[in-house]
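The points below are grouped by topic and should be read beside the structure.

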Amino acid sequence: MVFLSQVINRPIIDRNGERIAAVQDLVVRIGGQSYPPVNGLVARIGRRSFFVPYRHVESLTEEHAQIDTFSLDLQPFQRHDGEVVLAKDVLDRQLVDVTGRRIIRVNDVELAPTGRSLRVVGVDVSARALLRRLLPRRAMRSGEPRELIDWSNVEYFASHVPAVKLKVSHERIARLHPRDIARLIEHLALPQGAELIEALNEDLAADALEELTPERQADLIEGMDQERAADILEEMGPDEAADLLADLSSEVAEEILTRMEPEESADVRLLMQYQEDTAGGIMTTDFVAIAADRTVAQAIDEIRAIDDLPDTLTAIYVVDDLSTNRLLGIVALRDLLLHADAGIADVMTTRFRQVSPDSTIEFVVRAVVEYNLLEIPVVDDDRQLLGIVTVDDAVERVMPESWREQSVNVFS
């Protein structure tokens with residue numbers, strides 16, 4: 001094993017032991033392999049940098065790099081697509097430790113020979129690695145701990161080298177829970193966070209965005225292609241999408257809304273009409289309504305036919321007609337299962353709590369807590385069902401910010 005810091009600036013010698021240049025950097029090809037191979041050395045003579053293919057390197061140690069040729073191409077070094085130079089593009093960069101679900105800072109790179117090739121096998125994120133770069137070798141103490149992370153568990157970012165085309169899929173990060181992905185994005189610089197969001201499918205990107213702070217949501221959406229942004233917002237809860245768009249400039253928000261599907265756009269526009277500190281401002285239009293003239297069996301069939309059911313479905317809202325949506329009652333899912341032969345109006349309850357869209361959040365919270373509710377309907381003066389407020393959305397809005405952060409850590 002050898003570390004990058006131990007070979008940078010070491011002399012390059014020929015077979016006769018004569019110094020001909022110095023090692024400026026190592027070139028590797030990222031993507032496609034768990035342990036990227038070193039393609040060659042960036043050599044330096046004075047101010048001139050040129051490339052030495054690794055097939056000409058007989059040995060690379062802490063003392064020197066020895067090459068087997070006297071014929072070198074001294075044309076200025078230029079990177080090709082898929083290549084990064086380790087010292088310039090990897091050292092001190094933020095990468096993702098996928099197994100540890102954390103952002104790491106690379107203090108050194110671990111290399112290992114495999115036959116005549118050399119591969120990147122890990123990164124050192126310890127303080128010892130920094131000392132290795134800063135102090136003379138004789139000043140290093142052998143007992144200082146290392147913190148090595150296997151490269152196969154690390155994901156690099158193409159945005160670290162925007163001038164070079166890199167194929168980085170981030171498929172391993174895409175297997176993480178949306179909350180874990182959001183934590184990574186919150187701790188990354190904006191270009192790398194945007195790269196992660198761009199790599200996810202719309203559904204997963206929406207779930208991850210919903211876990212981010214409003215400031216980071218706005219930064220990511222504003223820098224995104226508006227068609228892509230519209231696709232992602234369509235997958236978000238309408239209340240979350242409305243909150244996000246409210247943090248953007250009116251021009252950008254309108255452009256995204258016009259690119260959304262009409263039904264999703266209409267729901268979001270409705271929610272954006274209300275103040276953030278009201279029931280209307282935190283309600284969602286993601287609920288299931290059934291006409292009162294249906295039987296329970298018909299209601300179950302209609303529910304099964306819905307393509308995109310709410311993530312949390314605890315009750316069905318019974319209305320006079322789906323065109324007017326005037327709320328008449330509520331049916332718990334349990335009652336649907338127990339009374340399959342009844343009419344929906346026979347099993348609904350007409351004794352329920354409701355709030356108006358202008359009700360304060362504090363009023364909503366008192367209602368859901370006092371009556372032990374999982375959600376509460378929001379209706380207008382004509383009893384038209386506008387949306388519902390879930391208990392988690394209501395309580396979250398009145399929790400202190402520090403409590404919200406602690407609850408995320410405890411329950412994730």
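Which residue's side chain is joined to that of Gln24 by a polar contact? The partner is Ser49, and the contact between the two side chains is 2.6 Å. The model is predicted, and every value in this briefing is computed from it.

- Gln24 belongs to strand S3, which covers residues 19-29.
- With a relative accessibility of 29%, Gln24 is classed as partly exposed.
- Apart from neighbours within four places in sequence, Gln24 contacts Ile8, Val42, Ala43, Arg44 and Ser49; Ser49 is also the partner in the 2.6 Å polar contact between side chains.
- Ile45 lies 21 residues from Gln24 along the chain, and the C-alpha atoms of Gln24 and Ile45 are 9.4 Å apart.

- Ser5 is part of helix H1 (residues 4-7) and is buried, at 15% relative accessible area.
- The side chains of Ser5 and Asp108 make a polar contact of 2.5 Å.
- When residues up to four places away in sequence are not counted, Ser5 touches Arg10, Asp108, Arg132 and Arg133.
- Asp108 also forms a salt bridge with Arg132, in which the closest N and O atoms are 2.6 Å apart.
- Because Asp108 lies in strand S11 (residues 108-114) and Arg132 in helix H3, this pair ties together parts that are 24 residues apart in sequence.
- Is Asp108 buried or exposed? Asp108 is buried, with a relative accessible area of 0%.
- Arg132 is likewise buried, with a relative accessible area of 9%.

**Further salt bridges**

- Across the whole structure, a search finds 20 salt bridges.
- One of them pairs Asp92 with Arg105, with 2.9 Å between the closest N and O atoms.
- Arg259 forms a salt bridge with Glu227, where the closest N and O atoms are 3.7 Å apart.
- That pair joins helix H10, which holds Arg259, to helix H8, which holds Glu227, and its members are 32 residues apart.
- Arg259 is partly exposed at 32% relative accessible area, and Glu227 is partly exposed at 39% relative accessibility.

**Enclosed helix H9**

- Why is helix H9 (residues 238-246) described as largely enclosed by the rest of the structure? Seven of its nine residues are buried, which is the basis for that description.
- The buried residues of H9 are Pro238, Asp239, Ala241, Ala242, Asp243, Leu244 and Leu245.
- The cover over these buried residues includes helix H7 (214-222), helix H8 (226-235) and helix H10 (250-259).
- Helix H11 (262-271), helix H12 (279-282) and helix H17 (391-398) are also included in that cover.

**Nonpolar cores**

- The largest nonpolar core contains 54 residues, and those with the most contacts inside it are Ile197, Ile221, Leu233, Ile256 and Val389.
- Setting aside neighbours within four places in sequence, Ile221 contacts Leu209, Ala229, Leu233, Leu244, Leu248 and Ile256; of these, Leu244 is one of the buried residues of H9.

**Nonpolar surface patch**

- Leu130, Leu131, Leu134 and Leu135 make a nonpolar surface patch of about 330 Å².
- Leu135 is located in the loop between helix H3 (127-134) and strand S13 (148-150).
- The relative accessible area of Leu135 is 36%, so this residue is partly exposed.

Conventions
Residues numbered from 1 in each chain as written. Predicted model: local features only at pLDDT ≥ 70, side-chain atom pairs only at ≥ 80, totals over all residues. Heavy atoms only, no water. Patch = residues over 30% accessible without salt bridge, like charges linked within 9 Å, V, L, I, M, F, W, Y side chains within 5 Å. Areas by Shrake-Rupley, 256 points an atom, 1.4 Å probe, with all protein chains shown as cover. Salt bridge = Lys/Arg side-chain N within 4 Å of Asp/Glu carboxyl O. Helix = DSSP H or I, 4+ residues; strand = E, 2+ residues; numbered from the N terminus. Buried < 20%, exposed > 50% of the residue type's maximum accessible area, 1.4 Å probe, protein only. Polar contact = N/O pair within 3.5 Å; in protein donor to acceptor, adjacent residues only side chain to side chain. Contact = heavy atoms within 4.5 Å. Core = buried A, V, L, I, M, F, W, Y, C linked by side-chain atoms within 4.5 Å.
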